[in-house]
Structure formats: C-alpha cells, structure tokens
Amino acid sequence: MTILEFSLLVCGSSLIAGLVGALTGLGGGVVLVPLLSLLFKVDIRYAIGASLVSVIATSSGAAAAYVKEGFSNIRIGMFLEIATTSGALLGANLAARVSTHAIAIVFGVVLLFSAYFSRKPRSQADREVPPDPLATGLRLNGSFPDADGPRSYNVQHVPTGWALMFGAGALSGLLGIGSGAIKVLAMDQAMKIPFKVSTTTSNFMIGVTAAASAGVYLNRGYIDPGLVMPVMLGVLSGSLLGARILIKVHTKWLRLGFSLVIVLLAIEMLYNGLSGRI
Amino acid sequence: MLPKRSWSDQKIENILGNLLRAGVLLSALVVLVGGVIYLLRYGQSPVDLRAFRGEPSDLRSVGGILRDAIALRGRGIIQLGLLFLIATPVARVAFSIFGFAEEHDRMYVVVASIVLLVLAYSFIGSTWS
C-alpha cells in the first residue's frame with residue numbers, strides 16, 4: 001500500500017470513528033487504537049500516540065462549545081486535573097516500560113468496561129446531597145442553568161473522586177485514550193455531581209490530561225506525523241460533523257451497535273495480547 | 001454566591017471557549033498544510049509502520065521540529081501543528097491562573113499553577129533539547 005492510499009483509508013476510518021463516537025457520546029478514541037493496530041497493522045505504540053493527539057483535538061473542540069453553556073465547573077475540573085495530569089505522567093512513563101502484550105490486554109479490559117458503561121442507565125437527575133466540609137472548603141460546589149433558573153449542587157467524597165481521577169489519568173497516559181468514562185464515573189457516581197456537569201467537565205479535563213502524556217510520547221518517538229495527520233484530521237472532522245447532526249438522529253440503536261463493535265474489538269485485543277501477536 | 005463572581009466566571013469561560021477553538025483550528029490548518037506537502041513528496045512510497053523504530057530525533061524535540069518546519073519539510077510542519085494542538089490545553093490552564101487571580105481566588109491560583117507545573121515538567125523535562 002502506498003502512503004497516499006494508507007492516509008486516505010486511515011482518514012476515512014478515523015472520520016467514521018469520530019462521527020460515531022460523537023453521536024453515541026462514547027468518544028472515538030477508544031476504538032482508534034484497536035482499529036489502527038488490528039486493521040491497519042500499525043505498531044500499537046504509534047497507534048497510541050496518534051490516538052492521544054486526536055483525543056486532545058476532539059476534547060478541545062467539544063469543550064469550546066460546552067464551556068459557553070455554563071455547565072462545566074472549572075474549579076472542579078482544575079482541582080481534579082492535578083490528579084489526572086500526575087496520573088498521566090505515571091501512565092505515559094509506564095507505557096514505555098511494559099510490554100506491548102500487556103498494553104493490549106489492559107486495553108481489552110478497558111474496552112469491555114466502556115461497553116458495559118455505555119449500556120448502563122444514567123443516574124437519576126434529582127438528588128439532594130448535604131454539603132461536604134472538604135468540598136465546601138475547596139469551593140467545589142456550584143450551580144448550572146436549568147429550565148427554571150440556576151440549580152445549585154453539592155459535591156461529595158472528594159478523596160475517592162481524586163483517587164479515581166488519578167487512575168483515569170494513568171490509563172489515559174498508558175493507552176492514549178481520553179478515559180472519559182472513568183472521569184464521568186468518578187464525578188457522577190462517587191462525587192455525586194449532576195450528570196450533565198460531570199460529562200461536560202470531564203470533556204474539559206480530557207485535553208489537559210492528554211497534554212501531560214503528549215510531551216512524554218513525543219520525546220519517546222511515539223508520535224509519527226505521517227500517521228497522526230490522517231487520524232487527527234479524520235477524527236476531528238468526524239466529531240465536528242457528529243456534534244452538528246446530534247439532535248437529528250435516534251441514537252439508541254447506534255449506541256447498541258457501537259457497544260457490540262467495542263466488545264468485539266475488546267475480545268480481539270485480549271486474544272492478540274494473550275497470544276503475543278501485539 | 002455573589003452575582004459578580006458568577007458573571008466573572010462566565011466571562012472567563014467564554015474567553016476559554018474561544019481560545020480552545022482558535023487553537024484547534026490553527027493546529028488543524030498547519031497539520032493539513034504539512035500533510036499536503038508530505039503526501040506530494042512521499043505519497044507514492046510504501047507504508048512502513050508495522051515495526052516500531054521510534055521517530056528520528058529531529059521529530060522528537062521542540063527545537064528539531066522548528067528547524068524541520070522552517071525548512072518546509074512536510075513531517076516537520078505536521079509536528080509543528082501537533083505542538084500547537086498540545087499547547088492549546090496548556091494555554092487554557094495558564095489563562096485560568098490569570099482568571100482566578102482576577103477573581104482574587106488565591107486557592108485556585110495555586111491549584112492551577114500546580115497543574116501548569118506538572119504540564120511543564122512533562123514537556124520541558126522531556127522534550128526541550
């Protein structure tokens with residue numbers, strides 16, 4: 001295959017990944033690495049580097065739209081970014097030390113988790129929790145615009161959330177993914193932050209987390225311009241397109257289909273990792 | 001909460017939103033230009049990404065990337081675009097420090113500074129040569 005053909009094919013596939021990722025809210029990053037390493041036979045380290053860079057592009061692009069709506073909480077985001085960026089540094093340095101088989105196996109497990117998470121019903125919209133002294137001291141409690149004026153909320157279990165965020169950052173650095181699902185889990189489930197605030201704040205944090213790993217990746221030679229160029233441009237156009245048609249499509253079947261694809265990719269990654277093919 | 005503070009928060013968030021959008025657009029444009037140059041030159045060569053060799057040293061450091069980009073090498077220009085992209089969230093954190101300072105929120109000036117330090121460590125610690 002020539003570089004031109006390869007670039008066009010990779011760009012097209014990345015566009016679809018970005019589009020479906022945006023439509024389903026699962027993010028395209030999680031399928032990029034399996035796609036590149038299983039289908040295009042790219043070394044998993046190059047695939048991880050390309051995926052990480054695309055994650056920065058899509059999250060920054062989406063966050064630009066979200067911050068203006070006033071849902072994301074910049075204090076929660078900034079405070080938890082200490083955890084995610086430190087975790088990412090650890091993960092990115094770990095990526096250079098563990099074998100590619102191990103990375104493929106961890107990736108398979110994370111894919112299975114993402115598929116499970118995407119099928120899980122969203123948490124209840126109305127829950128009242130009492131203020132937590134630590135969260136109050138850190139000024140994490142906030143409010144968001146609702147149908148009938150601003151609604152305020154309290155944040156709980158700050159240490160648990162912080163620890164989960166460190167883990168999310170480490171996985172992001174190790175696998176080159178945004179790990180948005182774990183970030184949302186930490187905020188929505190552990191810290192009891194409203195779902196819409198959790199998802200938008202998570203998106204806001206993904207770019208900063210990924211930027212912390214990007215320096216390490218660049219230095220280790222994981223970022224191949226010839227591969228990142230079609231991947232990044234494809235995913236970015238796909239996700240921008242997805243954000244525009246988001247309202248018009250019925251996403252239930254799309255989510256189900258995408259979860260099935262993720263499960264298949266997970267099995268394939270686990271098989272390749274365990275048999276030493278990756 | 002004081003109404004003044006939430007107004008200021010909203011203003012900061014608007015500026016942040018524009019900053020992020022501009023950064024992503026700029027980087028995508030530079031990557032596209034570099035990509036066209038790269039494909040015009042190497043489009044007909046065979047692909048070789050099956051085995052990991054790591055990038056050549058000039059594409060791993062900020063200094064090397066700048067030299068390659070100024071020499072109008074496709075791969076160097078793409079890498080420069082990617083540097084802009086990586087710099088976008090970093091600029092966002094740097095800007096938040098000013099935003100929090102403007103609101104006299106000392107605690108969050110410190111929090112944002114710690115995040116910026118971690119990012120700087122990841123970058124300057126490993127790639128500036």
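What percentage of the 129 residues of chain B count as buried? The figure is 40%, where a residue is buried if 20 or more other C-beta atoms lie within 10 Å of its own, exposed if 12 or fewer, and partly exposed in between, with C-beta atoms placed from the backbone.

The views show a predicted model, in which local features need pLDDT of at least 70 and side-chain atom pairs count only at pLDDT 80 or more, while totals for chains, interfaces and linings use all residues. Residues are numbered from 1 along each chain as its sequence is written, and chains are lettered from A and ligands numbered from 1 in the order in which they are written.

**View 1. Chain B is built from four helices and zero strands.** Along the sequence its pattern reads α-α-α-α; helices (H or I, at least four residues) and strands (E, at least two) are DSSP runs, numbered from the N terminus. Of the contacts in chain B between residues at least 6 apart in sequence, 63% join residues at least 24 apart. Two residues are in contact if their C-beta atoms, placed from the backbone, lie within 7 Å.

**View 2. Chain B meets chain A through 53 residues, which contact 51 residues of chain A.** On the chain B side, two or more residues each come from α1 (3-42), α3 (74-102) and α4 (106-127). The largest share, 17 residues, belongs to α1(B). This side comprises 30 nonpolar, 16 polar and seven charged residues. Ala, Val, Leu, Ile, Met, Phe, Trp, Tyr, Cys and Pro count as nonpolar, Asp, Glu, Lys and Arg as charged, and the others, Gly among them, as polar.

**View 3. A:Met1 precedes α1 (3-24) of chain A.** A:Met1 counts as exposed because it has 10 C-beta neighbours inside 10 Å. Not counting residues up to four places away in sequence, A:Met1 touches A:Phe6 in its own chain, together with B:Pro46 and B:Val47.

**View 4. Helices α8 (residues 180-190) and α9 (residues 195-220) of chain A pack at an angle of about 135°, with axes 9 Å apart.** α8(A) is therefore oblique to α9(A): angles under 35 degrees count as roughly parallel, over 145 as roughly antiparallel, 65 to 115 as roughly perpendicular and the rest as oblique. Axes are lines fitted to C-alpha atoms, for helices over the stretch in contact, and angles run from 0 to 180 degrees between N-to-C directions. The crossing of α8(A) past α9(A) is right-handed, meaning that the near helix is turned clockwise from the far one by less than a right angle (anticlockwise for left-handed). Among the meeting residues are A:Val184 and A:Met187 in α8(A), and A:Phe195 and A:Ile206 in α9(A). The contact divides into five nonpolar, six polar and two charged residues.

**View 5. Helix α4 (residues 74-95) of chain A crosses α9(A) at roughly 30°, the axes coming within 8 Å.** The two helices, α4(A) and α9(A), are therefore roughly parallel to each other. α4(A) passes α9(A) in a right-handed crossing. Residues of α4(A) including A:Leu80, A:Ala88 and A:Leu89 meet residues of α9(A) including A:Phe204, A:Val208 and A:Ala212. This contact holds 11 nonpolar, eight polar and one charged residue.

**View 6. Strands β1 (residues 142-146) and β2 (residues 149-153) of chain A run antiparallel and are joined by five bridges.** Two strands pair if DSSP finds at least two bridges between them. A:Pro145 has A:Pro150 in β2(A) as its bridge partner. With two residues between them, β1(A) and β2(A) form a hairpin.
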